[in-house]
Amino acid sequence: MTISLRRGRLFASLAVAGVLLSGCGSGPGEAGSAAIVGDQRIPVAEVQTWFSEVLAKEPELKPQLRQQGQYDELGRTLAGQLVRQELAEQAARENGITVSEQQITDMINQWGGPQATEGKIFTPGNLHEMARTEALVTELGRRYFDGLAVTFDFTQATTRAEAERKAHQMAQGDAAVRELIAADAGAGLPAAAGQHLRAVDSPKLAASTPLFSAEPGTVLAFEPEPNSGQWLVALVRERKAAPVPNPAGGVDDQTLQGVGSFLLGTTADRVGVVLSPRYGVWDPLELRPVPNEDETTGFRIEPQGSSGA
């Protein structure tokens, strides 16, 4: 997974959660907090320090970001990585996952080695910690991949508004779900109940969507392929996430890292991630902040009576 600052347009290819450095509004619960993950506070000062370190090693970046109107995007990305790190540490503790120094070194080498920080969001001071995070996320995916399975009802939509409408209809109960699926299937749309998928049979889907990480009763609406205009609207009926002590292997680490990234969502749901409103809106599918509700990657409606924690 590349972690970079691309010239001409800032893009950090981590699926991360985070907050902006600047803006107006109140903080999340504690003064000076950029975010709170469970009972762990992430100070704004920590984000600002990292921000300054990136600009110090990339002096030409600051005017570029201002010119492109993406100055705040860098702050969001950095703070998001701090949230991701905390989620990974908590998930690792919950699941008894550890990584060796050799695994961390291997991750650093995948990124080009300890000297390859140019154009990257990491710095020499935090490279080890970031590599540890991604190694933990990869091992989380490895632990559960072979045992992940989901049963769901689904239909499709072609616009965001239609996907949102259908998601809310699915959340109204079994009768509404049956009515929606029958109507869409009758109209020739792909729609069915009781579909069963295993991660081992659909590794790309498991590594690129939140379908395998949603608890039963959750309704999801998202584009399996971003900007495709094809939305999947699904009600998760059953989810199995059995840890496999000695996985068979055969799946590349990039896929396992993607699976692990989405599995962080179960930790995020359990402990809660609180962002200051001034720092954007939490995207519960991609586990990252976005500037506003319209820029989330889709919709996630929790089971009735669920607090999302």
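Me: Let's take contact to mean heavy atoms within 4.5 Å. With that settled, which residues in α3 meet which in α9?

Reply: Bear in mind that this is a predicted model. On the α3 side there are Arg84, Leu87, Ala88, Gln90, Ala91 and Glu94, and they meet Ser261, Leu264, Thr267, Ala268, Arg270 and Val271 in α9. By type, the residues of this contact divide into six nonpolar, three polar and three charged.

Me: And at what angle do the axes of α3 and α9 cross?

Reply: Roughly 85 degrees, and the axes come within 9 Å. Helix α3 covers residues 71-95 and helix α9 residues 253-271. Angles of 65 to 115 degrees count as roughly perpendicular, so that is how α3 and α9 lie to each other.

Me: Nice. Moving to α5, what should its 19 residues span?

Reply: At 1.5 Å a residue, helix α5 (residues 127-145) should span 27 Å, and its end C-alpha atoms are 27 Å apart, which agrees.

Me: How many of its residues are buried?

Reply: In α5, 14 of the 19 residues are buried, so the helix is mostly covered.

Me: What is Val251 in contact with, leaving aside neighbours within four places in sequence?

Reply: Phe145 and Leu256. Val251 lies in the loop between β6 (231-241) and α9. Its C-alpha atom is separated by 8.2 Å from that of Pro203, a residue 48 places away along the chain.

Me: Does Val251 count as buried, partly exposed or exposed?

Reply: Partly exposed, because its relative accessibility is 22% and buried means under 20%.

Me: Switching to charges, how many salt bridges does the count come to?

Reply: The count comes to 18 salt bridges. Side chains of opposite charge can pair when their charged atoms come close.

Me: Where do Asp174 and Arg237 lie?

Reply: Asp174 lies in helix α7 (residues 174-186) and Arg237 in strand β6. Their side chains meet in a salt bridge at 2.8 Å, N to O. The pair therefore ties together parts that are 63 residues apart in sequence. Asp174 is partly exposed at 41% relative accessible area, and Arg237 is partly exposed at 35%.

Me: What about Lys57 and Glu58, how do their side chains meet?

Reply: They meet in a salt bridge, 3.0 Å from N to O. Lys57 is partly exposed, with a relative accessible area of 25%, whereas Glu58 is buried at 1%.

Me: And the side chains of Glu302 and Arg300?

Reply: Those meet in a salt bridge too, at 3.0 Å, N to O. Here Glu302 is partly exposed with a relative accessible area of 24%, and Arg300 counts as buried at 13% relative accessibility.

Me: Which residues are linked in a network of salt bridges?

Reply: Glu139, Arg142 and Asp253 are linked that way.

Me: Last topic, the backbone. What is phi of Asn227 near?

Reply: It is near 60 degrees, a positive value in a residue other than glycine. Most residues other than glycine have a negative phi. Asn227 lies in the loop between β5 (219-222) and β6, and Asn227 is exposed, with a relative accessible area of 76%.

Me: And what about phi of Leu287?

Reply: That one is also near 60 degrees and positive. Leu287 lies in the loop between β8 (281-283) and β9 (288-290).

Me: Is Leu287 buried or exposed?

Reply: Leu287 counts as buried, at 7% relative accessibility.

Conventions: Residues numbered from 1 in each chain as written. Predicted model: local features only at pLDDT ≥ 70, side-chain atom pairs only at ≥ 80, totals over all residues. Heavy atoms only, no water. Helix = DSSP H or I, 4+ residues; strand = E, 2+ residues; numbered from the N terminus. Expected span 1.5 Å × (residues − 1). Buried < 20%, exposed > 50% of the residue type's maximum accessible area, 1.4 Å probe, protein only. Axes fitted to C-alpha atoms, helices over the stretch in contact; angles between N-to-C directions. Parallel < 35°, antiparallel > 145°, perpendicular 65-115°, else oblique. Nonpolar A, V, L, I, M, F, W, Y, C, P; charged D, E, K, R; others polar. Salt bridge = Lys/Arg side-chain N within 4 Å of Asp/Glu carboxyl O.
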